[in-house]
Every structure is written in structure tokens, then in C-alpha cells.
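Subject: Structure handover

Hello,

Please find the structure below. My notes on it follow.

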Amino acid sequence: MKCPVDGETLVITDRAGVEIDYCPQCRGVWLDRGELDKLIERTTPEAPDARVWQADSRPQKKKKRGGFLEELFDF
């Protein structure tokens with residue numbers, strides 16, 4: 001398989017029991033469907049309790065009108 005960025009042949013390697021493709025030239029990493037989820041499951045410790053991250057526990061900010069980036073990120 002060829003790298004979509006520079007056309008170099010991708011190399012297959014094993015990380016945490018998941019085969020991933022990477023480009024030795026541009027060092028891009030290419031994952032197939034579901035591989036990112038598998039890597040996250042196998043490399044992170046047990047997830048924190050979901051109750052800790054409830055939106056109600058955060059202080060409420062006054063909403064101001066802004067761009068779409070402000071909806072994605074907390075500035």
C-alpha cells in the first residue's frame with residue numbers, strides 16, 4: 001500500500017497487538033477502522049468513573065456569541 005502523502009510504500013508494524021501502517025519517509029501513521037479504539041483500550045489504564053466528568057460539576061460560563069471553534073474547544 002502506498003502513502004497518501006508522498007507515495008512511499010507503507011510498512012506494517014505491531015503496536016500493543018494491533019497492526020498499524022506507517023510511512024518511513026514522512027512518518028505518517030495510517031490506521032484502519034477500529035484500530036484507534038483498540039490502541040486506546042490496550043494502552044490506557046482503566047477509564048475514570050463517568051460520574052466524575054458530569055457537565056453539572058463544572059462552573060457555568062456565560063455564553064457569548066462566537067464562532068464554531070468556541071463550540072468545539074473551551075477557551
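Strands here, like helices, are DSSP runs, numbered from the N terminus; a helix (H or I) has at least four residues and a strand (E) at least two. Ala-16 has this positive phi although it is not a glycine. Ala-16 is partly exposed, with a relative accessible area of 39%. On that scale, buried means under 20% relative accessible area, exposed means over 50%, and partly exposed is in between (1.4 Å probe, protein chains only).

Before going on, two points about the source. This is a predicted model, where local features need pLDDT of at least 70, side-chain atom pairs count only at pLDDT 80 or more, and totals for chains, interfaces and linings use all residues. Residues are numbered from 1 along each chain as its sequence is written, and side-chain values use heavy atoms, with hydrogens and water left out.

**The chain as a whole**

The chain has two helices and three strands. Along the sequence the pattern reads β-β-β-α-α. Of the 75 residues in the chain, 12% are buried. The chain exposes about 7200 Å², and carbon and sulfur atoms supply 53% of that area. Accessible areas come from the Shrake-Rupley method with a 1.4 Å probe; for residues, only the protein chains shown count as cover. Take the contacts in the chain with a separation of 6 or more: residues 24 or more positions apart account for 13% of them. Contact means heavy atoms within 4.5 Å.

**The sheet**

What is the strand order in the open sheet? The order is E1-E2-E3, with antiparallel pairing. E1 and E3 stand at the edges, each with a single partner strand, so one side of each is left without a neighbour in the sheet. Two strands pair if DSSP finds at least two bridges between them.

Start with E1 and E2. E1 covers residues 11-15 and E2 covers residues 18-22. Five bridges join these antiparallel strands. Val-11 has Tyr-22 in E2 as its bridge partner.

Now E2 and E3. These two strands pair in the antiparallel sense over two bridges. Asp-21 has Trp-30 in E3 as its bridge partner. Tyr-22 stands opposite Val-29 in E3. So Tyr-22 has a place in both pairings, as the partner of Val-11 and opposite Val-29, by the DSSP bridge criterion.

The hairpin of E2 and E3 has six residues between the strands. Arg-27 lies in this loop. Phi of Arg-27 is near 65°, a positive value in a residue other than glycine. Is Arg-27 buried or exposed? At 70% relative accessibility, Arg-27 counts as exposed.

H1 lies across E1, E2 and E3 and runs at about 120° to E2. For such angles, axes are lines fitted to C-alpha atoms, for helices over the stretch in contact, and angles run from 0 to 180 degrees between N-to-C directions.

The loop between strand E3 (29-30) and helix H1 (35-43) holds Leu-31. Asp-32 lies in the loop between E3 and H1 too. Leu-31 is partly exposed at 35% relative accessible area, and Asp-32 is partly exposed at 44%. Asp-32 and Glu-19 are 13 residues apart along the chain, and their C-alpha atoms are separated by 9.1 Å.

Leu-31 also belongs to a nonpolar surface patch with Val-29, Leu-36 and Ile-40. Together these residues have about 330 Å² of accessible area. Patches are made of residues with over 30% relative accessible area and no salt bridge; like charges are joined within 9 Å, and nonpolar side chains (Val, Leu, Ile, Met, Phe, Trp, Tyr) within 5 Å. A salt bridge is a side-chain nitrogen of Lys or Arg within 4 Å of a carboxyl oxygen of Asp or Glu.

**The start of the chain**

Met-1 lies in the segment before E1. Met-1 is exposed, with a relative accessible area of 69%. Which residues does Met-1 touch, not counting those up to four places away in sequence? They are Glu-8, Thr-9, Leu-10 and Asp-21. Met-1 and Asp-21 are 20 residues apart along the chain, with their C-alpha atoms separated by 8.9 Å.

Best regards
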